[in-house]
Amino acid sequence: MKKSLLFGVMCLVSQVLWAATDVTIYGYRNYQGELPSAYVAGPAKFSAGNVSDVVLITDQTKLGRIYAGEYVNYRWYAQTTVSGFQSKPENLVEIDMITGERSVIAPASAQLYDMTYDYTTQTMFGILSQGDNLATIDIKTGKVTKIGDFPAYAYAMAIACDLDGTLYMISMQDTLYKVNKETVACEKVGFLGVNVAYTQSMCFDHNTHTLYWQNAGDYNLYTVDLTTGKATQVGKVGKGDSMSSLFIPYINVAKGAPDRVQSKTATADKTGLNKVTVSWTNPSEDAQGNELSELTKVIIYRNGVAIQEIPVTTAEIGKAANWTDETVSAGKYVYNIVCENSKGVGGMDDREMTVYVGLDIPGAVKDFKVVSGNKQGLLTWSIPSEGGTGGYYDSSKLSGYKITRNGISTPVVLDDPSATSYTDASITTWGKYTYTITPFNEAGDGIATTYPEVMITPSDMIIMNNEVREVSDGKFYDTGGPYNDYMNAERVEMTLKPAIPNSALLISFSSFNVESGDYLEVYDGISTSAPLIGKFTGEAVTDQMKKLVPTNPDGAFTFYFYSDVIEHKAGWVADVKCVERKEKDLYAVSVAGTSYPSAEAVSDYEVTVSNLGTSDIAGTDYRIQLIDENNNVLATADGTDIAAMAMKKITVRYTPDTEGKKQIHAHISFDADENTENNDTETMDITIQPKGAVNVIIGTGINNIGMFPACFFDDYSLSEMMVPASQINISSGEIRQISFPVAVTNSYNSMDIKIWITETDKENLTEGNIFASDMKLVFEGKSSLPPGNYDWAFNLDNPYNYSGKNLVVLVSKAGAETNNMGVLFHYTSSPAIMTWSTSNYEPIDPDVPMGEYDYFNMIADMKLLMIDKTDGVEYVRGTGTVAMPNPFSDVIYLKNCHSARVTIMNMSGAVVKDMVVDGGTIDTESLLPGVYFVSVTVNGRTTVQKMIKK
């Protein structure tokens, strides 16, 4: 069976195409082939003469999809599915053709795929069970009744009924059939000549006897010959739009007969007198949408019987009118109105007007609300204050309420008319529930009110759902909860706010498993307009996800989850903690910095501090300490002013004295802190390199490109880059680490990475790439890329002894589903061919010529952590010395530099000064003693010097 995803339009044409090119076709867009990750779903319309211009009525991407629907007598009927499910039916609904709003008629009893209406028998037909059966649908109750099975050779994809009652079907076998509506026997008409794929829909233009069809396999609209079955292409719909529930509005009355009346109402006397006033506006168009030129009478129906004929003239076309029925006694009555002219009786909207003479039924309750308790639905409302049909109403005669919940067939009856709340304690499992409350009195059931679907869970369970929810401590799960996967095609937005006043939420993910085409966005606030904290995908919890701390005054987070239609996975689990805010409370969130500092060289560590308190904290009131595993204080930094519910990053400078391994963490020393349990970060492992280790910096880190050293457009990539010796300028040294500056939005995990290094006398790679077999394998292992801006670092398993020649670096990336982009590397332009790069969905051999692949006049920016064997030797990118003296004290002088970009970096590569100057001097009084790299760029030429501050 072909994969059933989305919707299509099928229409058969027995006339020339120009005959109906201006007809408007309605349908429900479920997918857009040209926008697979950013498609917008919802009710839509387009002209048969311009199928590329699809007008979306409203965005319903976050709602359940619609795969079956039909237009009958001014109303669009359709069946919805549960959000995130393709084959889980939810409700039979009516769709407003102007706003797209859905009104529930009844719960769905079976999954339907396409619907059509037979005017000869006034029957709605549908395809049942993914093409296996023909069924009828009661459009008032939603009941689906199976007629029989389609033949095995005629698997049904779409149906449409002609005005004469002939039922047509398109099968998976690319064939048009006529279907017997009683036996479901199929008579072959002919082959379409088009490959049928995915869920289809088709409809007649009854005004021209034309049948249209959209094939969801190629997104094209077709007309199909009713005698041969041959399909003729009209054009591609929208941006590869896949449409279901196709119809062309049609009213089954004589041509030229009046359209329905507008603005019709029926109102009983509000004082209790036995009379009803009916009001309406006469039509101004005929039932085919043309200007109405004749109107002869209006007929009033009561309880299905014509009780009054009112003569009218052409002058009254489009005018308001009314009539009072004074021949009624107390009771319930149903009114309707239809117009007539010489062409025949016109259209009559089947929305009947019900009134109660005497005591009216109750109107809808007010302020109806349902919230989740601990496996309970908590309902509240206000007593109705008016009648349901606008007639005479006495609130003292209210009898009580009937409450229903989806899945419960028998309503709960509350005989207490003063009740304004109810607790549903019968829920046995978490899930989404819909409640309806109906007040009643002696006249009958009043106007029902349905509350939108609400997620009800145990109090400590939070399921991703389209809602704003106040929470305390608990577990936060994806839409599948603790035991199931999330589903495909989800668009879910949830805001979590603290349930305790004056509190903030702290969220820590403990597991995360999301397919690479899917992602979770986290925002620091109560909507997606708040600052974006991160966009997460993949199969691992990043450091950032381990501690989510709000900086907004609400202490809230907003989550937006997107899943595509390809695959779903286990989702996530996160711990949620609601922390009551104290007056003074500083939180040590994280510490970050180089994992490979050098002995006797300054390294900067960035400590993230959050003020969870209600008061602003002055920087003079606290300090940040860097502490090792033996509780020794390694370094200290002054605090900085931090406002309540704000976050700051503070740099602590640490100079290791000897090489070796350590575990370090950051500590907030704050005497007035009222919560000291959160004053320490998690530990960080560092390996201190021998004295003399330096970071050789290649490139400026300004430009971005997404191709090398690893391409994330495909699953496999191979990139070879040459770095001229002039840009390294160290005669010899041991390369122990290589890293690449990177900006990541879509995270990746468990990638297989290999890195080879060699040296060459070649000045460029014009002659082609160097094979991996002629290089040294220095790294082989797994690697991950969490969201953020940082250096993607590799500690070399086999350090490379560099001898001063041009350096060649070859990087291989392999990993399933690492093709979703979201990774940007930096590069520096070069006049010669310096890089070869290729990518593919299949593994790439590093020992084949790359001449057929892409080459670049640029070099990937990188950093090489080296043990400098010529300690104290200045190294320069470019030629000439432009900064002096060396060593320096508090001032650096620039030589012959105009409009120069000056960047000063410490030994770990962190920028400590960045400015544009016009010659003269640079104040360095704020810099601590140590080794620095001074980069000076003038007219596109960069010089880098290693300089020492005394």
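The side chains of K402 and D445 form a salt bridge, with N and O 2.9 Å apart; the term denotes a side-chain nitrogen of Lys or Arg within 4 Å of a carboxyl oxygen of Asp or Glu. K402 lies in strand β32 (residues 398-405) and D445 in strand β36 (residues 444-445), so the pair ties together parts that are 43 residues apart in sequence. Strands (E, at least two residues) are DSSP runs, numbered from the N terminus. K402 is partly exposed, with a relative accessible area of 26%, and D445 is partly exposed at 37%. Buried means under 20% relative accessible area, exposed over 50%, and partly exposed in between (1.4 Å probe, protein chains only).

## Basis of the model

This is a predicted model, in which local features need pLDDT of at least 70 and side-chain atom pairs count only at pLDDT 80 or more, whereas totals for chains, interfaces and linings use all residues. Residues are numbered from 1 along each chain as its sequence is written, and side-chain values use heavy atoms, leaving out hydrogens and water.

## Other salt bridges

The whole structure contains 28 salt bridges. One of them joins E94 to R75, whose closest N and O atoms are 2.8 Å apart. E94 belongs to strand β7 (residues 89-95) and R75 to strand β6 (residues 75-81), 19 residues apart. E94 is buried at 12% relative accessibility, and R75 is buried at 15%.

A further salt bridge links D890 with K949 at 3.5 Å between the closest N and O atoms. D890 is partly exposed at 37% relative accessibility, whereas K949 is buried at 6%.

How values were computed. Helix = DSSP H or I, 4+ residues; strand = E, 2+ residues; numbered from the N terminus.
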